[in-house]
Amino acid sequence: ITNIIFNYLFLFLTEKLHASKTLLGISLLFTVLIEIPVFHYQPFIIKHLRPFGLVVAAHLGSILRMYGYISLPVAWLVLPLELLHGLTFAGMWAASIEYISRVAKEGGRATTQGVFIAWYEGVGSAVGAVLGGYLYDTYGYQTLFFSTLALGTLSLIVFCICHWNNEDMWRSQSIE
């Protein structure tokens, strides 16, 4: 989902809603500034929401962002949606690293994180760029964002099912 936003949001805003370069810059500023407190307070957030709650919140934030993009009547309304980026990116990243640290074998955390990053930033970005470009070019931005919304919803459902099937494992893990 993040890759679709990174690659196609500005294209959509300029082509369809005629956004200015200034608005694009302010939008990017909103996304980055909101990441800082989320990363800073990550231990507190994870302690209270737990990784499961943070992943669910990040998914819901992404779904809301996609719905918002589909519904934008004017470009400047993207700004409130971009405030969700701290939750959708930084929150998901923090929760993912926490999950990895819990499931990785002792001495294998760095390797497991490396594999995660390779899939997320490498494979995920490549697939998102290619499929996203195809959907955007062939069917338009609404199909791209709706497909991403649907994929995010499916991902949330699968995540919840997998989590509930392994709930005992997560309950037994202490949160430091």
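**Figure 1. Thr 148 has its place in helix α7.** This is a predicted model, in which local features need pLDDT of at least 70 and side-chain atom pairs count only at pLDDT 80 or more, while totals for chains, interfaces and linings use all residues. Residues are numbered from 1 along each chain as its sequence is written, and side-chain values use heavy atoms, with hydrogens and water left out. Helices are DSSP runs of H or I with at least four residues, numbered from the N terminus. Thr 148 counts as buried because its relative accessibility is 6%; buried means under 20% relative accessible area, exposed over 50%, and partly exposed in between (1.4 Å probe, protein chains only). Apart from neighbours within four places in sequence, Thr 148 is in contact (heavy atoms within 4.5 Å) with Ile 1, Ile 4 and Met 66.

Figure 2. Look around Gly 132 and, leaving aside neighbours within four places in sequence, you will find it in contact with Ile 4, Tyr 8, Val 127 and Leu 144.

**Figure 3. Helix α5 packs with helix α6.** Helix α5 covers residues 85-103 and helix α6 covers residues 109-139. Their angle is about 145 degrees, and their axes are 9 Å apart. Axes here are lines fitted to C-alpha atoms, for helices over the stretch in contact, with angles from 0 to 180 degrees between N-to-C directions. From α5, Phe 89, Trp 93, Ser 96, Ile 97, Ile 100 and Ser 101 take part; from α6, their partners are Arg 109, Thr 112, Gln 113, Phe 116, Ile 117, Tyr 120 and Glu 121. Sorted by class, the contact of α5 with α6 holds seven nonpolar, four polar and two charged residues. Ala, Val, Leu, Ile, Met, Phe, Trp, Tyr, Cys and Pro count as nonpolar, Asp, Glu, Lys and Arg as charged, and the others, Gly among them, as polar.

**Figure 4. The largest pocket is lined by 35 residues.** A pocket is an open set of points on a 1 Å grid over the protein atoms alone, where a 1.4 Å probe fits, with protein on both sides within 12 Å along at least five of seven lines; lining residues have an atom within 4 Å of a point. The volume of the largest pocket is about 1000 Å³, counted as the space filled by probe spheres set on the points, which are joined across faces, edges and corners. Nearest the centre of the largest pocket lie Ile 1, Thr 2, Tyr 120, Gly 124 and Ser 155. Two or more lining residues come from each of α1 (2-17), α3 (42-71), α5, α6 and α7 (141-165). Helix α6 gives the largest share of the lining, twelve residues. Taken by class, the lining has 19 nonpolar residues, 15 polar ones and one charged.

**Figure 5. His 18 and Arg 50 each have a positive phi although neither is a glycine.** For His 18, phi is about 55 degrees. His 18 lies in the loop between α1 and α2 (21-40) and is exposed, with a relative accessible area of 64%. For Arg 50, phi is about 65 degrees. Arg 50 belongs to helix α3, where its relative accessible area of 46% makes it partly exposed.

**Figure 6. Tyr 67 is found in helix α3, and Ala 150 in helix α7.** Tyr 67 counts as exposed at 52% relative accessibility. Although Tyr 67 and Gln 142 are 75 residues apart along the chain, their C-alpha atoms are separated by 9.5 Å. Ala 150 is partly exposed, with a relative accessible area of 36%. Between the C-alpha atoms of Ala 150 and Ile 161, eleven residues apart along the chain, the separation is 17 Å.
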